[in-house]
Amino acid sequence: MSANTPSDRAARDEGNPRSTAKLFGHPLHPMLVPFPIVCFIGALITDLAYLGSANVQWSNFSIWLITAGLVMGGLAALTGIIDYAGDRRVRAARPATPHMIINLSVFVIEIVNAFVHSRDGWTSVVPTGLTLSVISVLLLGISAWLGGSLVYKHRVGVRS
Amino acid sequence: MTAARTILAGAASALVLALAGCNDGGAKFDRNSQIGPDPVLPAPQQYLVPPIHVAEVVGWGANETPTAPAGLRVQALARDLNHPRNMLALPNGDVLVVESQGPNLDPITRPKNPIVSWVQKRATGQSGAKPKGATNQITLLRDADGDGVPELRTVLLGHLNSPFGVVFADGYLYVAATDAVLRYPYALGQTRITAAPVRLTELPGGPIDHHWTKSLTLSPDGTLLYATVGSNSNITENGMEAEKNRAAVWEIDRATGRSRVFASGLRNPNSPNFYPGTNTLWVVANERDELGPNLVPDYLTSVREGGFYGWPYSYYGQHVDPRVMPQRPDLVARAIPPDYALSSHVAALGLTFYTGSSLPAKYRGGALIGEHGSWDRDELNGYKVIFVPFTNARPSAKPQDFLSGFLTADGSKVRGRPVGVTVDRTGAVLVADDAGNVVWRVSAPR
């Protein structure tokens, strides 16, 4: 992560909104977000496979994917919140707050989903688990779009 | 930053509410309504976090014993055993104690598995207390003068694979290890078995071996053995292929080892026993978990040849379990409701019919049932030995406590947990306590 010296802070109001959670100058948040996105979409796919087959291996895949998604999603959330807190201009970008609220909602929904998927048998997925997986993926689509806007339009973390 | 904080706090409290809100189920439910032939069955509940309550195992002080009805005496026949779970009283008066631990073969298929197995081990007292000696063995106790103090204690047979059932017949000792029925030549009075066993019949014992206790009894005519084989999961979450020939009572030809499934649909049946003077086989069975603190009651039942008792598709007859897919309406239609419910999650493992004559007359012909005790309901249930009166070879009244005090007075700690129950040559009742590591002897003063 970058140093947070007074001169850094002074430099902030110039150029593009800065990312605070960085590794060798590269923002961490965009490196971490693919993990939960892929895991939660994968869990929806394996939920659907379980719905179609009643083969328990698919529901086992789902709970591991959700667990991995939550672990990596937790790190993504942490770096995202650091970026959000670290620069006033990030917060000022219009998609930033909805992006964070939706992603945190997905995180909470997936925690509940992990408990639902830890039940035994058919009702670990059908209908509640599958429903939560669908809602999460739909919300992820919106928040990922907003996250893209933050970088490609509002230039958050882009070197000036 | 305040916005972020508010959202985080909101999300956290919503989560806590969601988890706690689904955990009520505690509204005072009359447990007695689930004891007897026609139990009250509430609607199934599904949880985010199912209720779990295990109490710390503290063991017995030197002068502490469980409590028997007035007029009966309780002694420790043997202490410092290592997970004694079952016993056999031989015709010459020697008592065999089966000390056993599970094989721990359950694979980690989900993140939940290590958590649940930790909880269950804690409840069994297997996580804290270090084993004091060898287990998975059979110890012989010889109390020739019948005073409840054995003159001899020796290991008859060691290095067994999670044994549970043991039967003696015609110069052979039959031991149900978790993966096979073993036959050893054995003369009464012998204190050490060195002969290699014959593997009479292979039993389902792996690669997954969830309910591992295989108990054993002999048919009244002595030609057949009956072995119990519990299910390989709570409710088929390891796949139906893992359940082949499980959740069943097996019938085994004592001479040839040929076997067949005698009855099925019994989730975790244990301690098969023929009612004295009849050809009717009875078992106690542990029903399924995670449908609520008051579902599904464990039971005592007679077992009919070819009978199907519901697991996994239904419970108590036609109450369908929504967690099983594909469902089997054809099997549900012919599912037999068990005879006598014992209330939920008591974990009935031991059963014997009182055939002695030294205890008061009311005990004759009744059932003594060892209830190992609950782990998946808030209010502990079981943790005692109960007596169910029988009339005309059928259960005929509400149970009475036969041996209690396995919990401390405030119910917060566990001293011991009863498993197998048997009757010795003198008519005293023996109870294996696998958490207290004691065999208790309940006798009438002479």
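Modeller: Two residues are in contact if their C-beta atoms, placed from the backbone, lie within 7 Å. This is a predicted model, where local features need pLDDT of at least 70, side-chain atom pairs count only at pLDDT 80 or more, and totals for chains, interfaces and linings use all residues. Residues are numbered from 1 along each chain as its sequence is written, while chains are lettered from A and ligands numbered from 1 in the order in which they are written.

Biologist: Thanks! How many residues does the contact take from chain A and from chain B?

Modeller: Chain A gives 23 residues and chain B gives 26. On chain A, α4 (56-86) and α6 (96-117) each supply at least two residues of the side that touches chain B. The largest share of that side, nine residues, comes from α6(A).

Biologist: What classes make up the side of chain A that touches chain B?

Modeller: There are 15 nonpolar, six polar and two charged residues. Ala, Val, Leu, Ile, Met, Phe, Trp, Tyr, Cys and Pro count as nonpolar, Asp, Glu, Lys and Arg as charged, and the others, Gly among them, as polar.

Biologist: Which residues of α7(A) are buried?

Modeller: Among them are Leu132(A), Ser143(A), Gly147(A) and Leu150(A); buried means that 20 or more other C-beta atoms lie within 10 Å of a residue's own. Their cover includes α3 (34-53) and α6 of chain A.

Biologist: How do α3(A) and α7(A) cross?

Modeller: Their axes, lines fitted to C-alpha atoms over the stretch in contact, come within 9 Å and cross at roughly 150°, on a scale from 0 to 180 degrees between N-to-C directions. The contact includes Phe40(A) and Leu44(A) of α3(A), and Val137(A) and Leu140(A) of α7(A).

Biologist: And in chain B, why is one side of β4 and of β7 left without a neighbour in the sheet?

Modeller: The open sheet has the order β4-β5-β6-β7, with antiparallel pairing. β4 (84-89) and β7 (152-157) stand at the edges with a single partner strand each, so one side of each has no neighbour.

Definitions and conventions:
Pairing = 2+ DSSP bridges. Helix = DSSP H or I, 4+ residues; strand = E, 2+ residues; numbered from the N terminus. Buried ≥ 20, exposed ≤ 12 C-beta atoms within 10 Å, placed from the backbone.
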